[in-house]
Amino acid sequence: MPTSFRSLAIAWAVCLIVVFGGIGLLEVTYDPSQQADANGGDAAQGEPAGPPEPVFRPIPVQASAELLEMSDQGPLPVISADGTRSSDHYAATPVQAPDLAKIAIIVTDLGMQSRQTRRALAEMPEHTTFAFSPFGQGNNGWAEQARRANHEVLLMIPMEPVNYPQDDPGVLTLLVTNTPDQNLRWLRESLSKLTGYVGVISHKGSRFTAAIDSMRPIMNDFAARGLMYIDSQASQYTVGPQLASSLQLPIAFNSRLGFLDEEPSAAVISERLDELEKIAVRDGFAVGIIRPLPVSMDAVSIWAGGLQSRGATLAPISQIANQQPVAP
């Protein structure tokens, strides 16, 4: 009997050694990646992992003190000590839709009438861009609401049209007859009327944007302040995109001359939006501009509702930067 008990004990001991030894060997030699390969994972299929999608980052709501300098004209945008630019800091997270054409819609003249501004904030689709007039009231409060809703913010810069002064953009209008110092003074008055904007957009300016000697100091100032420049294409002769490219200034421009709602008719605006969509599908990117008219905002909202099913999507203006072909 003792002999049988001893034999049984030895057999159990041997079994335990084999079992725990096997577990230890598995822990040392097990390679999960090889197991994934054996199970037909991505590595086995030879598909390289793509770049990680950027993590969504809300646009900062409050203007950053590091991106402002206080002047006798008010707060002005600057590049921070660590090299941060407003064109990056106040930019929205890019839309992750590599197979869709990107379209930026800019709503201008905001801040001038509270009812229109409030409606734009409440009704305009996600990723539309809001451009505020330097003559608006309560601009910073409106702009904070826009950034909180993840709308990028621009500041409009009044520039001389060909039929000035019959068509007068206002007291801060940059004029070809001014000296560079005078225009820079007016420019900084405009720039001080808002904070927290990703860039600026020319307002009118069919004469000024075509005058390279007048435009160059202005574009240099935009670049030195870390801003993006959007050319409204008030003239087919504008030099804005070419100057911006030479200065490595982030640039986007209106894809067609004039506003989409130049004629404030729902049918005409819808037709212009369809034309803009075709440009985007052809080139990959497009920009359109509207005013905060009820008919315009309604037309954009209806059009945008089925946009992705047609191969395009709305995108923030910063995502269009440097993507459009600039004529030499």
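Predicted model: local features only at pLDDT ≥ 70, side-chain atom pairs only at ≥ 80, totals over all residues.

Residues are numbered from 1 along each chain as its sequence is written, and side-chain values use heavy atoms, with hydrogens and water left out.

Helices (H or I, at least four residues) and strands (E, at least two) are DSSP runs, numbered from the N terminus. Helix α10, residues 266-283, has 18 residues and reaches 26 Å from its first C-alpha to its last. Its buried residues (under 20% relative accessible area, 1.4 Å probe, protein chains only) include Val268, Leu273 and Glu277. The buried residues of α10 pack against β3, β9 and α11, contact meaning heavy atoms within 4.5 Å. Gly284 follows α10, with a positive phi near 95 degrees.

A salt bridge is a side-chain nitrogen of Lys or Arg within 4 Å of a carboxyl oxygen of Asp or Glu. The count by this rule is 14. In one of them, Arg188 pairs with Asp221, the closest N and O atoms being 3.0 Å apart. Arg188 lies in α7 and Asp221 in α8, so the pair ties together parts that are 33 residues apart in sequence. Asp221 is buried, at 9% relative accessibility.

At the end of the talk I return to Asp283, which forms a salt bridge with Arg282 at 2.9 Å between the closest N and O atoms. Salt bridges that share partners also join Glu69, Arg188, Asp221 and Arg225 into one network.

Notes: Expected span 1.5 Å × (residues − 1). Buried < 20%, exposed > 50% of the residue type's maximum accessible area, 1.4 Å probe, protein only.
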